[in-house]
Amino acid sequence: RDIEALPIIEKILKTNPNHAEAFANRTLIKIRAKDEVGAIKDAEMSVSLKPHLSQMWLLLGILHQQGDNLSDAIETMRTAHKNESENIDFLIQLGHFLRLDNKISEAISFFEKATELAPKDITAWTNLGLSFQQEKNLEDAKIAYEKAINLNPKLVYVLNNLGVIAREADEWDTALQYFKKALEIEPNLFEIQNNLGTVLQELGRLDEAEASYNQAILLKPDFAEAHNNLGSTLRDLERLEEAQASWELAINLKPEYDMPYFNLGNF
């Protein structure tokens, strides 16, 4: 009931212009009102008055990120981390922003510290895995993801990422098991249906691969990668006119995507 809350907050701030919690509450109201500039200003006032309002530091960082200002998001979390060097949320959020900014080595250092301080924190292990994977350090990525899975076996996207790592290592049966397990938990994820199809295709199980690609397309009809992969499977099944149609549709859906041009040219 922001319309009722706002005059009360304004009255508090008129009486006490240094009331950090009032600025924090007004930040939330401005966020809901889509006033991002005003929200950032109030959040900055809040943490300048009370630097240990942890949630406001996190919120301020996210507001900067959402405003496509990643450098300010990073600096916000650096300041927060300096105030509370062992705050796990700060370590993870700072690492996340650094990873988005392709500062992978530094991001890894913060995630590793988070896992040392909180070895049962799933988010820390997952983000560490993502960073290693982004750095192409697949062995360490696998270790981090497995730590996360041991803490929660139903992390669908972690299972998917482990499947991708196994696929890149040509460990096709292992990849198959990871993708299948992920889809048992959440069957309606089109990316994982497509990933499953690529493994089934490599294993020569073409009818099953076709079914996986069709399921991915059913879930996301404009998924150009699945149309391209379906075309390759239909080619292997010697259904050439259908293959050609799939590649042409992939090109229409995503003209900058090169694989269907390559496949169509070969065809």
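With a relative accessibility of 28%, Arg239 counts as partly exposed (buried means under 20% relative accessible area, exposed over 50%, and partly exposed in between, with a 1.4 Å probe and protein chains only). This is a predicted model, where local features need pLDDT of at least 70, side-chain atom pairs count only at pLDDT 80 or more, and totals for chains, interfaces and linings use all residues. Residues are numbered from 1 along each chain as its sequence is written, and side-chain values use heavy atoms, with hydrogens and water left out.

Arg239 has a partner: its side chain meets that of Glu210 in a salt bridge (2.9 Å, N to O). The term stands for a side-chain nitrogen of Lys or Arg within 4 Å of a carboxyl oxygen of Asp or Glu. The two residues sit 29 apart, with Glu210 in helix H13 and Arg239 in the loop between H14 and helix H15 (240–253). Helices here are DSSP runs (H or I, at least four residues), numbered from the N terminus. Glu210 counts as buried, at 14% relative accessibility.

The count comes to 15 salt bridges. One of them joins Arg26 to Glu10, with 3.1 Å between the closest N and O atoms. Here helix H2 (residues 20–32) holds Arg26 and helix H1 (residues 2–15) holds Glu10, 16 residues apart. Arg26 is buried at 13%, while Glu10 is partly exposed at 36%. Both also belong to a network of salt bridges that takes in Lys30 and Asp42. Another bridge pairs Arg78 with Glu106, whose closest N and O atoms are 2.7 Å apart. Arg78 is in helix H5 (residues 70–83) and Glu106 in helix H7, so this pair ties together parts 28 residues apart in sequence.

Next come the rings. The whole structure has 2 aromatic pairs (ring centres of Phe, Tyr or Trp, the last by its six-membered ring, within 6.5 Å; planes under 30 degrees apart are stacked, over 60 edge-to-face, the rest tilted). Phe190 and Phe223 make an edge-to-face pair, because their ring centres are 5.0 Å apart and their planes stand at 75 degrees. Phe190 belongs to helix H12 (residues 190–202), and Phe223 to the loop between helix H13 (206–219) and helix H14 (224–236), 33 residues away. Phe223 is buried at 10%, whereas Phe190 is partly exposed at 22%.

Over in helix H3 (residues 36–49) sits Lys41, which is exposed, with a relative accessible area of 60%. Lys41 and Leu60 are 19 residues apart in sequence, and their C-alpha atoms are 9.2 Å apart in space.
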